[in-house]
Structures are given as structure tokens and as C-alpha cells.
Amino acid sequence: SVDLSQRPFRFAADGRSGEAEPLIIATGATAKRLEVPGTGEGEYWMHGISACAVCDGALPMFRNKPLAVIGGGDTAMEEASFLSKYGEKVYVVHRRDELRASKIMQDRALANPKIEFVWSHELVRADGDGTLLDRIVVKSTKDGAEKEIPVSGLFFAIGHVPNTAFLDAQLETDDSGYLVTKPDSTATNVPGVFAAGDVQDKVWRQAITAAGTGCMAALEAEHFLQAHG
């Protein structure tokens with residue numbers, strides 16, 4: 001938790017508490033995952049299942065193997081297209097019979113010969129050899145029939161949730177809950193509070209941009225300290 005109603009700001013985290021003149025929020029965003037059998041911790045999560053194709057898709061374990069993406073938006077189309085560079089084939093499993101993605105992203109994915117759409121189906125189970133994922137089971141949203149698809153990788157592409165709930169609405173956010181920062185800056189609407197990384201970036205995300213905005217936030221926090229003595 002943080003208390004931004006007074007200066008210095010107060011914070012509490014993992015049994016620690018303290019005060020700070022500037023504060024950098026860098027709590028990231030959590031990828032949404034479907035809670036179905038086989039996808040959890042201690043099962044096949046990170047053993048063939050991921051929520052970031054750009055992070056993991058080029059790993060040797062996925063190269064020239066059949067892969068699956070769950071989702072129907074721009075992120076899913078982008079990740080399927082990216083995975084098609086490495087995988088033998090990419091199945092896009094979508095619970096509807098039409099996509100939510102923008103037309104240009106749809107057209108790109110639909111024209112890709114390595115991408116196959118599994119329309120009107122939803123994931124019901126992930127399975128494997130006890131060590132690595134080797135298949136998924138999907139169910140038709142129309143007649144309930146199930147079928148098995150052999151895949152070595154499963155990637156969730158159903159969005160992210162920014163980790164901002166602990167702020168208790170003390171900072172300005174957009175409609176999706178991401179922190180709003182000023183143009184060309186990491187400054188939030190509260191002077192002395194800065195935001196870096198995926199907690200304020202829903203377009204580019206991940207390591208390089210997070211490192212870049214982290215550096216920006218550190219420099220801006222230092223400038224803030226200097227300006228206020």
C-alpha cells in the first residue's frame with residue numbers, strides 16, 4: 001500500500017514500511033491466464049505454456065513444433081504471426097466464430113499459411129508426458145464436442161491486468177487501469193510520483209522498454225530531489 005496524501009509519501013510492502021520523497025511505481029502487469037486443468041503452477045505452466053510469445057517463442061523447445069495461441073484480439077494475431085516464424089504450425093483457438101482484432105491484423109494472420117484457426121472452441125485441458133506439454137483438449141462452444149490437438153507450446157494472448165489495485169485510485173489511470181504519465185516523461189499526476197515499465201505501458205511492454213522507462217524514472221526522481229533540496 002501507499003499513502004500519497006501527505007509528504008513524505010508512506011509505503012508498506014512485504015513486512016517493510018517507510019517514507020520517501022519521490023516514489024517510482026514499477027509493479028508491472030500480470031498476463032491473464034485461463035484457469036483450466038494442466039495450466040497451473042506445478043503442472044505445465046512454464047513447461048510448454050507461456051503468456052509471452054515474444055519472450056519464449058524462439059526457444060529451442062518450440063522450434064519446428066506445432067504451437068497454439070489462445071485469443072482473438074490484436075495481441076493474439078501478433079503472437080501467432082511471430083510464432084509462425086519458429087513453429088511448424090500455429091493453431092489459434094478462439095471461442096467465437098469471428099475475431100476482435102483489427103482488420104489489418106486479421107488479414108495478416110488469415111493469409112499466413114502456417115496459421116490455422118480453430119473457431120468456436122475453448123480450452124478445457126492441457127496435458128503432456130509429465131514433464132512437458134504435448135497436447136491440449138478444446139471443446140466446441142456450439143455442440144460441446146471435444147477434440148485433442150497435439151502441440152508442444154501453448155501461449156495465452158488474452159490481455160494483461162496492470163498491478164495498480166494497491167494504489168487505491170490515488171493516481172490517474174486509463175480505462176484499463178494503466179497509470180497515465182505525462183508526454184515524454186514518467187511523471188504521474190501527483191508530483192514526485194513516477195511510473196515505469198508495464199504498469200504504464202500497454203503497447204510495447206517487456207524488458208527493453210521497461211529498462212528504458214526505469215532509467216527515465218530514476219533520472220526524473222533524482223531531478224525531483226535536487227529541485228526540492
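This is a predicted model: local features need pLDDT of at least 70, side-chain atom pairs count only at pLDDT 80 or more; totals for chains, interfaces and linings use all residues.

Me: In the open sheet of 3 strands, which strands stand at the edges?
Reply: The strand order is β1-β2-β3, and the pairing is antiparallel. A strand with a single partner has one side left without a neighbour in the sheet, so it stands at an edge. That applies to β1 (2-3) and β3 (16-20).

Me: What is the bridge partner of V2 in β2?
Reply: Strand β2 covers residues 9-13 and runs antiparallel to β1, with 2 bridges joining them. The bridge partner of V2 there is F11.

Me: How many bridges join β10 to β11, and which residue of β11 stands opposite A126?
Reply: The strands β10 (121-128) and β11 (133-140) run antiparallel and are joined by 7 bridges. Their hairpin has 4 residues between the strands, and G130 takes a positive phi near 100° there. Opposite A126 stands I136.

Me: Which residue in the turn between β11 and β12 has a positive phi?
Reply: Strand β12 (146-149) pairs with β11 in the antiparallel sense over 4 bridges, and V138 stands opposite K147 of β12. The hairpin of β11 and β12 has 5 residues between the strands. The residue with a positive phi, about 80°, is G144.

Me: S120 has a positive phi although it is not a glycine; is S120 buried or exposed?
Reply: S120 has a phi of about 55° and lies in the loop between β9 (115-118) and β10. Buried means a relative accessible area under 20%. For S120 the value is 6%, so this residue is buried.

Me: Is D168, with its positive phi, buried or exposed?
Reply: D168 has phi near 55° and sits in the loop between β14 (160-162) and β15 (193-195). Exposed requires a relative accessible area over 50%. D168 has 61%, so this residue is exposed.

Me: Against which elements do the buried residues of α3 pack?
Reply: In α3 (103-110), the residues M105, Q106 and A109 are buried. They cover an arc of only 100° around the axis, so they are on the same side of α3. K103 and I104, on the other side of α3, are exposed. The buried residues pack against α2 and β9.

Me: Which helix gives the most to the lining of the largest pocket?
Reply: The largest pocket holds about 730 Å³ of space. Of its 22 lining residues, the closest to the centre are T75, H160, K202, V203 and R205. By class, the lining has 9 nonpolar, 6 polar and 7 charged residues. The element that gives the most, with 4 residues, is helix α2 (74-83).

Me: How many charged residues are in the lining of the second largest pocket?
Reply: The volume of the second largest pocket is about 220 Å³. It is lined by 15 residues, with T181, Q200, D201, K202 and V203 the closest to its centre. The lining divides into 6 nonpolar and 6 polar residues, and the number of charged ones is 3.

Key
Residues are numbered from 1 along each chain as its sequence is written. Side-chain values use heavy atoms; hydrogens and water are left out. Two strands pair if DSSP finds at least two bridges between them. On a 1 Å grid over the protein atoms alone, a cavity is a set of points where a 1.4 Å probe fits but cannot get out, and a pocket is an open set with protein on both sides within 12 Å along at least five of seven lines; lining residues have an atom within 4 Å of a point. Grid points are joined across faces, edges and corners, and a volume is the space filled by probe spheres set on the points. Ala, Val, Leu, Ile, Met, Phe, Trp, Tyr, Cys and Pro count as nonpolar, Asp, Glu, Lys and Arg as charged, and the others, Gly among them, as polar. Buried means under 20% relative accessible area, exposed over 50%, partly exposed in between (1.4 Å probe, protein chains only). The arc is that of the directions from the helix axis to the C-beta atoms. Contact means heavy atoms within 4.5 Å.
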